[in-house]
Amino acid sequence: KRPEEALPVLEASLALNRRYFDRHACLIAQSNLAGCLFDLWRDDEALPLYRESYAGLVAVSGVSSETILEGSSLASTLVNVQRFDEAKSFIRDELLPAARRSLGPDHD
């Protein structure tokens, strides 16, 4: 992995998606950019992108394995920026209940 080299490519990809593609494609591109920033330990920049992409994916697609994975990335970023209480409450109050509803009890 070479996130330093990937960063400008992902930024260009997001701009392209915003111009030509639907909201879902834009949110995925935004999530990819956030993941690259996360890999570069630029969590303060990744956090708002993950917040927006998680909320957007829930709004566009509903709760699914895709949105649960996005929520997991958001929670990890919250931990990295030392927002432990927010990460715990997000996981407890939103992410786990959504995962249980979406994936069913066999995934506990």
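Arg51 counts as partly exposed, because its relative accessibility is 31%; partly exposed lies between buried, under 20% relative accessible area, and exposed, over 50% (1.4 Å probe, protein chains only). The model is predicted, so local features need pLDDT of at least 70 and side-chain atom pairs count only at pLDDT 80 or more, while totals for chains, interfaces and linings use all residues. Residues are numbered from 1 along each chain as its sequence is written, and side-chain values use heavy atoms, with hydrogens and water left out.

Arg51 forms a salt bridge with Glu86, with 2.8 Å between the closest N and O atoms; the term denotes a side-chain nitrogen of Lys or Arg within 4 Å of a carboxyl oxygen of Asp or Glu. This pair links distant parts of the chain, as Glu86 belongs to helix H5 (residues 84-103) and Arg51 to helix H3 (residues 43-61), 35 residues apart. Helices are DSSP runs (H or I, at least four residues), numbered from the N terminus. Glu86 is also partly exposed, at 30% relative accessibility.

Asp85 forms a salt bridge with Lys88, the closest N and O atoms lying 3.9 Å apart. Because these two residues are 3 residues apart in helix H5, about one helical turn separates Asp85 and Lys88. Salt bridges that share partners also join Arg51, Arg83 and Glu86 into one network. The whole structure holds 6 salt bridges.

Phe38 is located in helix H2 and is partly exposed, with a relative accessible area of 25%. Beyond its neighbours within four places in sequence, Phe38 has contacts (heavy atoms within 4.5 Å) with Asp43, Ala46, Tyr50, Ser76, Thr77 and Asn80.
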